[in-house]
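Subject: Handover of a structure and notes on its features

Dear colleague,

Please find below the structure that I am handing over to you. My notes on what was found in it follow directly after.

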Amino acid sequence: MKFSGHRSLSVVAVAVAAVLLAGCGKKEAASDALVIKIGHVGPVSGAIAHLGKDNENGARMAIEELNAAGLKMGEKVVKFELLAEDDAADPKQGTAAAQKLVDAKVNGVIGHLNSGTTIPASQIYNTAGIPQISPSATNPKYTRQGYTGAFRVVADDVHLGGTLGKYAVETLKGKNIAVIDDRTAYGQGVAEEFKKGATAAGGTIVGHEFTTDKASDFNAILTTLKAKKPDVVFFGGMDAVAGPMLRQMKSLGINAKFMGGDGICTTELAKLAGDAMKDETVFCAEAGGVEGEQKAGMDKFRADFKAKFNADVQVYAPYVYDAVKVMATAMVNAGSADPAKYLPALKAIKYKGVTGDIVFDEKGDIKNGALTLYTYKGGERAQLAVVR
């Protein structure tokens with residue numbers, strides 16, 4: 001192969017040339033590459049589209065890097081293709097997206113974002129024998145259904161909710177604690193685990209109210225809770241609801257500290273809450289986290305992500321990125337993209353990612369999963385601690 005017309009090749013061109021030439025032998029046409037289809041599902045429309053796009057961009061970044069690396073299986077160069085679907089955080093749309101990926105004969109799936117879409121979709125992937133790694137679904141049920149191909153790369157709600165409940169009482173000194181959840185699989189699950197943790201630490205749950213993931217008026221439930229004089233209000237749900245809720249808490253004169261799980265723990269929350277968010281009054285936890293020497297890798301990922309997409313990481317883009325790389329590594333280790341053949345390699349994976357060390361237990365949960373506790377200062381997330 002001969003290049004002309006330029007005195008030198010750019011780094012990108014050299015990388016592309018390497019991919020084209022690697023393993024070619026005589027002359028291997030691009031069509032002879034082994035195509036591996038990776039599905040990704042997240043809500044790229046609706047109220048939390050900013051989170052779904054964040055996840056999808058993490059997948060795209062990983063796919064592009066894998067293709068630039070010139071990976072091979074046998075004598076064939078591997079070409080990864082991303083098949084991205086939108087579930088709008090709706091369970092029915094989520095199962096339709098899952099079936100669409102199964103029909104497209106994907107080799108594996110990364111997703112979904114929400115527990116409420118991940119759990120019903122997992123039944124479809126399991127029936128089809130397609131491995132699934134969720135980067136962000138935290139409801140314990142997902143990996144407790146007995147599905148051999150279900151994995152996740154973040155800690156679950158038992159750990160997350162329980163840790164936040166303990167933190168509310170022991171660190172924030174909350175005595176009277178109010179709880180609100182949005183009745184989704186995620187929101188209800190994390191709220192119940194929070195209640196267990198807070199009660200075990202000696203706190204008193206003075207009220208538990210309910211809303212939906214599409215609500216915008218919370219005056220009735222907030223007025224009910226205000227009468228009970230809570231020190232802390234915990235919300236099980238997503239940032240699109242938490243932002244307006246914080247605004248209405250301010251207008252009603254509720255001065256309690258506000259807490260939530262990973263669903264509210266985003267860079268977008270400060271914008272959604274506006275001037276209702278005072279410094280160090282909102283606390284949340286991300287179901288993951290790195291510290292020490294591993295922090296440098298995460299910092300580099302965030303910088304690269306910002307340069308590529310002109311957007312800050314919301315929450316889970318790095319976990320999606322690692323999940324794609326983990327799945328691809330299992331395929332390479334097994335020498336096959338056939339789900340039945342690479343599944344054992346996926347179960348046995350030991351991978352150092354930007355989100356930390358990834359090893360799965362017998363259920364498909366990440367071993368020794370971390371949590372990162374945050375508050376907000378000056379409209380920005382501020383890390384408090386990484387706990388395990």
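Lys173 is found in the loop between helix H5 (157-170) and strand E7 (176-181); helices (H or I, at least four residues) and strands (E, at least two) are DSSP runs, numbered from the N terminus. This lysine has a positive phi of about 60° although it is not a glycine. Lys173 counts as exposed because its relative accessibility is 58%. Here buried means under 20% relative accessible area, exposed over 50%, and partly exposed in between (1.4 Å probe, protein chains only).

Before the remaining findings, a word on the basis of the values. This is a predicted model, in which local features need pLDDT of at least 70 and side-chain atom pairs count only at pLDDT 80 or more, while totals for chains, interfaces and linings use all residues. Residues are numbered from 1 along each chain as its sequence is written, and side-chain values use heavy atoms, with hydrogens and water left out.

Backbone exceptions

Most residues other than glycine have a negative phi, and most peptide bonds are trans. Asn310 lies in the loop between helix H10 (295-309) and H11, and with a relative accessible area of 65% it is exposed. The peptide bond from Gly111 to His112 is cis, with omega near 0°. His112 is placed in the loop between E4 and H4.

Overall form

The chain has 12 helices and 15 strands. Its radius of gyration is 22 Å, close to the 21 Å that the globule rule gives for 388 residues, so the chain is as compact as a globular protein of that length. The radius of gyration is taken over C-alpha atoms, and the globule rule is 2.2 Å times the number of residues to the power 0.38. Along the principal axes, the C-alpha atoms fill a box of roughly 80 × 50 × 35 Å. Of the 388 residues in the chain, 53% are buried. Among contacts (heavy atoms within 4.5 Å) with a separation of 6 or more, 69% are between residues 24 or more positions apart.

Two strands count as paired if DSSP finds at least two bridges between them.

Within this sheet, strand E1 (residues 34-42) runs parallel to E4, and 4 bridges join them. E4 is also parallel to strand E5 (residues 132-134), to which it is joined by 2 bridges. E5 and E6 in turn pair in the parallel sense over 3 bridges. The bridge partners can be followed from strand to strand: His40 is partnered by Ile110 in E4, Ile110 by Ile133 in E5, and Ile133 stands opposite Phe151 in E6.

In strand E4 (residues 108-111), Gly108 and Ile110 point one way and Val109 and Gly111 the other way, and all are buried. E4, helix H4 (residues 115-128) and E5 make a right-handed β-α-β unit; a crossover is right-handed if, with the strands pointing away from the viewer, the path from the first strand over the helix to the second runs clockwise.

The disulfide

The structure holds 1 disulfide, a term used for a pair of cysteine sulfur atoms within 2.5 Å. The disulfide joins Cys265 to Cys284, with an S to S distance of 2.2 Å. The two cysteines are 19 residues apart and link distant parts of the chain, with Cys265 in the loop between strand E10 (257-260) and helix H9 (269-273), and Cys284 in strand E11 (residues 282-286). The torsion about the S-S bond of Cys265 and Cys284 is about 60°, so the disulfide is right-handed. Cys265 counts as buried at 0% relative accessibility, and Cys284 is buried with a relative accessible area of 1%.

Helix H11

Helix H11 (residues 317-334) has 18 residues and reaches 26 Å from its first C-alpha to its last, close to the 26 Å expected at 1.5 Å a residue. That expected span is 1.5 Å times one less than the number of residues in the helix. H11 is mostly covered, with 14 of its 18 residues buried. Just after H11, Gly335 takes a positive phi of about 70°.

With kind regards
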